[in-house]
Amino acid sequence: MKKIALILAAQFLFVGAWAQNSDEALMKKAEKIHRKYLTIDTHNDTAMYLNHPDSEDWSVSKGQVSFPLMKKGGLDAAFFAIFLDQGPLRDSSRDSVYQYAMEEIRLFKEYVAKHSDEAAIAYSPKDLRKLKKEGKKSIVVFALENGYGVGQDLAKVDSFYNAGCRYITLCHNYTNDICDASRYENPNGHGGLSEFGEQVVKRMNELGMLIDVSHASTSTLYDIIKLSKAPIFASHSSVRAIKDHPRNLTDQEIKDIAATGGVIQIATGRWCLTNVPKSETKIVHLADHIDHIKNLVGPEHIGLGTDFDGGGGMVDFQDCSKMKDLTVELLRRGYTEKELEMFWGGNFMRVWEQTIKVAQEMAKEKK
Ligand SMILES: [Zn+2]
């Protein structure tokens with residue numbers, strides 16, 4: 001009897017040690033993957049917080065992204081969006097929001113320059129790969145969230161590109177001069193892209209700028225799919241079949257985006273992931289969205305766009321120091337190293353590089 005008890009106790013100890021080792025082994029594997037492959041988060045709203053740390057005007061959490069936290073989490077690069085709240089569609093507001101956006105970009109460049117020992121700005125996929133290889137710095141890429149800043153002036157698309165923005169989220173929650181939004185569909189809107197919006201899409205193709213469809217309405221999305229020569233890119237959107245939210249993408253939309261060779265960068269935060277209480281929203285819920293897209297269209301069309309400092313994050317994924325914990329969860333679910341390489345940046349880089357190739361081909365045709 002004693003002998004049996006001893007054997008059972010030994011087995012129990014063995015299983016316990018194995019489980020611990022297995023978690024440790026997964027984290028070791030995750031660390032290796034993060035060192036080896038380019039890891040990218042395509043959406044945060046941190047720039048305005050870092051530009052104005054003393055402002056009281058924060059409706060969402062702040063400080064989920066910093067260069068030290070990126071290092072800790074094994075996150076190489078992040079797209080820092082300049083977020084524009086939607087105001088009236090009149091000339092004076094269009095002008096002032098454009099001035100504001102340019103000033104925010106200038107301020108954030110200054111911030112990065114002040115931290116040049118920790119961070120550097122990338123303007124191309126080449127820059128990203130080079131900085132990753134050097135391995136020393138957190139990589140910043142600029143983006144514009146809300147084409148409201150473009151107003152009705154096509155030249156401003158060029159201005160944002162020249163200032164360093166590499167994608168424009170065409171709208172936020174409301175109809176602007178470019179298109180209709182998913183959140184509050186406007187019966188008096190454009191019914192998708194406006195005529196001006198069509199010119200914006202064409203110009204962005206010519207510049208090799210990513211057209212971000214997150215926040216766009218379904219009709220806007222399909223107008224872009226029809227018109228754009230580049231693969232479709234959603235910088236921070238999740239799955240409607242799991243969480244019924246107008247900002248999330250339906251299975252049909254996901255299939256149609258994948259058919260363009262595009263990528264869906266899954267957003268985080270309870271609002272887009274699940275109906276369980278915020279205090280119970282975890283990495284497993286995020287991983288369910290990633291699984292869903294993988295099972296629906298394959299592993300070539302998924303990435304991550306956290307929406308940190310803009311509503312993103314969960315109790316066990318509070319900031320960008322937790323990136324490796326997500327990798328551990330995906331390893332636990334059987335994701336291969338190759339699939340994780342694709343998820344963390346390979347898929348997005350394919351889309352970005354293809355977008356630039358389209359621009360080069362358009363330039364050749366023009367000659
Ligand atoms: Zn957003």
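Let me start with Asp244, which sits in the loop between strand S7 (233–234) and helix H9 (251–259). Helices (H or I, at least four residues) and strands (E, at least two) are DSSP runs, numbered from the N terminus. This is a predicted model, where local features need pLDDT of at least 70 and side-chain atom pairs count only at pLDDT 80 or more, while totals for chains, interfaces and linings use all residues. Residues are numbered from 1 along each chain as its sequence is written.

Is Asp244 buried or exposed? Asp244 is exposed, because 10 other C-beta atoms lie within 10 Å. The cut-offs are 20 or more other C-beta atoms within 10 Å for buried, 12 or fewer for exposed, and partly exposed in between, with C-beta atoms placed from the backbone. Asn275 is 31 residues from Asp244 in sequence, and the two are 9.1 Å apart in space, C-alpha to C-alpha.

Next, helix H12, residues 323–332. Seven of its ten residues are buried, so H12 is largely enclosed by the rest of the structure. Among them are Met323, Leu326 and Leu330. After H12 comes Gly334, with a positive phi near 90°.

Last, strand S2, residues 77–83. Seven of its seven residues are buried, so S2 is also largely enclosed by the rest of the structure. Ala77, Phe79, Ala81 and Phe83 point one way, and Ala78, Phe80 and Ile82 point the other. In a regular strand, side chains alternate between the two faces of the sheet.

Which strands run parallel to S2? Strand S1 (residues 40–44) does, joined by three bridges, with Ile40 opposite Ala77. Strand S4 (residues 138–145) pairs with S2 in the parallel sense over seven bridges; pairing requires at least two DSSP bridges between two strands. Phe80 has Phe142 in S4 as its bridge partner.
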